Amino acid sequence: ATGLAVGVAALTVLLAINYGFQGRIVGSLLGDAVAVQVRPADYAAAAVMVALTAIAIADILYLEIRDRDTELATLRSFGWSSGTIIRLIMTEGIGLGVSGTLTGVAVGLVTAAALGGSLPTAVFLPVAIAAFAALIIAALAATAPALFAGGSNITQLPSPE
């Protein structure tokens, strides 16, 4: 969630500078000494951060499934279906995505407001689209571990040691 928050915060600040301040902030924070300008490499860096976070979310969920194999087997013995197990893992992944995205958007908007002195309304639509995209990426990252947990026979998995 922290990695996603950092990536979304960086993307939020970049979008705020690009759409809210026409791509450049000059002199609003420390006088004329500060000039912030958005370049394509900045967007690429933020995108790489979000992509790495998606991989981390998938890895964390997979390791969590392996660590909780006895708990998941117990849930299956109580009648939980594969679909219910899949929804459980997806909910955990989406929960990570929501907490990271909301934190990142809040930090990014506060930072952009501090840099620019105010926050133009033109910022909110691109930031909302970026936040929605981050949530979709987190959900997609949770899909493979969730399908693994739902489709495998949890009682047959070797315990991690």
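This is a predicted model: local features need pLDDT of at least 70, side-chain atom pairs count only at pLDDT 80 or more; totals for chains, interfaces and linings use all residues.
Residues are numbered from 1 along each chain as its sequence is written, and side-chain values use heavy atoms, with hydrogens and water left out.

Leu52 lies in helix α2, and Ile55 lies in helix α2; helices here are DSSP runs (H or I, at least four residues), numbered from the N terminus. Leu52 counts as exposed at 52% relative accessibility, and Ile55 counts as exposed at 57%. The scale behind those words runs from buried (under 20% relative accessible area) through partly exposed (in between) to exposed (over 50%), with a 1.4 Å probe and protein chains only.

Leu4 leads us inside. Along with Ile89, Val105 and Val127, Leu4 touches the most other members of the largest nonpolar core, which has 27 residues. Such a core is a set of buried Ala, Val, Leu, Ile, Met, Phe, Trp, Tyr and Cys residues joined through side-chain atoms within 4.5 Å. At least two residues of this core come from each of α1 (2-20), α2, α4 and α5 (124-151), and the largest share, ten residues, is supplied by α5. For a close-up, take Val105: leaving aside residues up to four places away in sequence, Val105 touches Val8, Thr12, Val127 and Ala131, where contact means heavy atoms within 4.5 Å.

Now for the charged side chains. Glu64, Arg68, Glu71 and Glu92 are linked in a network of salt bridges, each one being a side-chain nitrogen of Lys or Arg within 4 Å of a carboxyl oxygen of Asp or Glu. The count comes to three salt bridges. Arg68 pairs with Glu64 at 2.5 Å, N to O, with Glu71 at 3.3 Å between the closest N and O atoms, and with Glu92 at 2.9 Å, N to O. Glu92 lies in helix α4 (residues 82-116) and Arg68 in the loop between α2 (40-67) and α3 (69-77), so this pair ties together parts that are 24 residues apart in sequence. Arg68 is buried, with a relative accessible area of 18%. Its partners count as partly exposed: Glu64 at 24%, Glu71 at 45% and Glu92 at 22%.

That leaves α3. Its buried residues are Asp69, Leu72 and Ala73. Seen down the axis of α3, they fall within an arc of 105°, so they line one face of the helix; the arc is taken over the directions from the helix axis to the C-beta atoms. What covers these buried residues includes α2 and α4. After α3 comes Gly79, with a positive phi near 105°.
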